[in-house]
2 protein chains.
Amino acid sequence: MSRRSYVSVARAEAATEKKERVIQAAARFLREAESITAFSLDAVAKAADVTRLTVYNQFGSRRGLLEAVFDDIARRGRLIRLNEAMAEADPRKGLDLLITIFCEFWGSDPAVARLHDAMTIDPEFAQALLERNERRRHSIDELVARIAGEQASAAARRDVADLVFALTSCAMFRMLAETRPVAAVCAIITDAARAAIARIEPENSDGLVANSAP
Amino acid sequence: MSRRSYVSVARAEAATEKKERVIQAAARFLREAESITAFSLDAVAKAADVTRLTVYNQFGSRRGLLEAVFDDIARRGRLIRLNEAMAEADPRKGLDLLITIFCEFWGSDPAVARLHDAMTIDPEFAQALLERNERRRHSIDELVARIAGEQASAAARRDVADLVFALTSCAMFRMLAETRPVAAVCAIITDAARAAIARIEPENSDGLVANSAP
DNA sequence: TTTTCACTAAACACGCTGTATATCTAATTG
DNA sequence: CAATTAGATATACAGCGTGTTTAGTGAAAA
């Protein structure tokens, strides 16, 4: 009841060290597991030489741990370069760079794919990852807006932005990356995205690319 | 031990009728569930007014039931039109039709999305669905081969075929279908696929679409 | 010396899959 | 008609997972 103040440096450091150990163990587990089902807190805790309850104390839940792992991977994923892409004078070059950045990110750690899988079994975790994709979403919207000519309708711009968003998604990357290196996937997606934006560019608005209307 | 012969028509009919009822209940459940996690044999059995054990007797396992549901949806999905698409004299028109067919199929039943989700938690079920996608794979390969000009390298053809395969996937459809009707999704994917195959068409092989090389 | 924090240990409730055993029922067969 | 049979049922169990509770431990900080 006396609530004496207590600020421990040593214990806090030990705690964050242990927390980091759990995150790394979880990432390793995700990398090696063939299915997200195999990812259990019991196994992770054992691998990190920690009690399962400690994981709960540190991360709150299974979802909390997964989010922490994703954020850890994202931190190393050189996503900061997005600023570079947005600062590019030519928005076409900016889009090219954005595509490269995300291809390299999706391919940077096999655990990313498993985390992506976790979205399908946990709606709240899916929401969390969706929010972390908002920056990609906005960046693409902005680049498309900067590229688009006057004649391009709002609907056309939205269609192009959505297509580019889908092309630069983790799901798309995984489908193409099964049989080829990251650079090759990046080239394919870049070509597809360029073809898409060609339709709303001011220069060649007159059907350089075939229109779907019969 | 006497093994007297016993061929019951009425009982067999009642069994298949019950089996159908279970499949429909499972499909309804998948449609309404917000996550594949909510799909439990217990709930399905209860909804179908059947014991959980009956489900096991009929389908062997959870996976077996899911496969049965998918096959049931596929049967109604007018995928037979694929023959029509492949019989088309102009392979470009064939590809357009293929895209339409699959867009309509992916959009035909919300349960399809949930079944797609089930792939991520059950590797063996994923394998089963992958095999069911082989026909799409081969059809696209053939159409691309028929469209491709002499000058197109094998690698370029493979890249285009893989891209079209990814564009016509369930995952791609779902990403684009969140905010627009099926027909609009179909138009976007058709445009993207046309732009992709333009690169290997015999007529305009000289960079009508920008190349990714700097 | 006492308080405080992070961690541990051991259990619990709950839900899921998959399997085993015994029983019931109604159609079929001799 | 009476024995047989396939299918369904009722009930229980083992195993594994999440998430919570309760009590206890060890060491840094006050």
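**Entry 1: how the copies meet.** I began with the interface, keeping in mind that this is a predicted model. I found that 100% of the interface residues of chain A are also interface residues in chain B, so the copies meet through the same surface. Next I looked up the superposition: chain A goes onto chain B by a rotation of 180 degrees, with 0.0 Å of shift along the axis and an RMSD of 0.1 Å. The two copies are therefore related as by a two-fold rotation axis. Which residue of chain A has its C-alpha nearest that axis? I looked, and it is Ala195(A), 3.1 Å from the axis.

Entry 2: I then picked H11(A), residues 170-177, and H10(B), residues 154-167. Their axes come within 10 Å and cross at roughly 140 degrees, and I noted the crossing as right-handed. From H11(A), the contact uses Met172(A), Met175(A) and Leu176(A), while H10(B) brings Asp162(B), Leu163(B) and Ala166(B). Sorted by class, I get 5 nonpolar residues, no polar ones and 1 charged.

**Entry 3: what H11(A) buries.** I stayed with this helix and asked which of its residues are buried. My list reads Cys170(A), Ala171(A), Met172(A), Phe173(A) and Leu176(A). What do the buried residues of H11(A) pack against? In chain A the partners are H6 (91-106), H7 (111-121), H10 (154-167) and H12 (182-198), and in chain B they are H10 and H11. I jotted a reminder beside this: in soluble globular proteins, nonpolar side chains tend to be buried together.

Entry 4: On the H4(A) side I wrote down Arg62(A), Leu66(A), Val69(A), Phe70(A) and Ile73(A). Facing them from H7(A) are Ala111(A), Val112(A), Leu115(A), Ala118(A) and Ile121(A). The class count for this contact is 9 nonpolar, no polar and 1 charged.

**Entry 5: the core.** Val69 turned up again when I checked the largest nonpolar core, which has 140 residues. The members that touch the most others are Phe39, Leu65 and Val69, in chain A and in chain B. I followed Val69(B) and left out its neighbours within four places in sequence. That leaves contacts with Ile23(B), Ala26(B), Ala27(B), Leu30(B) and Leu115(B).

**Entry 6: two loop residues.** Where does Asp49(B) lie? I found Asp49(B) in the loop between H2 (41-47) and H3 (52-59) of chain B. Its phi is positive, about 55 degrees, although Asp49(B) is not a glycine. Asp49(B) has 64% relative accessibility, so I put it down as exposed. Arg78(B), also not a glycine, has a positive phi near 55 degrees. I located Arg78(B) in the loop between H4 (62-76) and H5 (81-87) of chain B.

**Entry 7: one last residue.** I finished on Glu142(B), which belongs to H9 (residues 134-147) of chain B. At 41% relative accessibility, Glu142(B) counts as partly exposed. How far is Glu142(B) from Met86(B), in sequence and in space? They are 56 residues apart in sequence and 8.6 Å apart from C-alpha to C-alpha.

Conventions. Residues numbered from 1 in each chain as written. Chains lettered and ligands numbered in written order. Predicted model: local features only at pLDDT ≥ 70, side-chain atom pairs only at ≥ 80, totals over all residues. Heavy atoms only, no water. Axes fitted to C-alpha atoms, helices over the stretch in contact; angles between N-to-C directions. Helix = DSSP H or I, 4+ residues; strand = E, 2+ residues; numbered from the N terminus. Left-handed = near helix turned anticlockwise from the far one by under 90°. Contact = heavy atoms within 4.5 Å. Nonpolar A, V, L, I, M, F, W, Y, C, P; charged D, E, K, R; others polar. Least-squares fit on C-alpha atoms with pLDDT ≥ 70 in both. Core = buried A, V, L, I, M, F, W, Y, C linked by side-chain atoms within 4.5 Å. Buried < 20%, exposed > 50% of the residue type's maximum accessible area, 1.4 Å probe, protein only.
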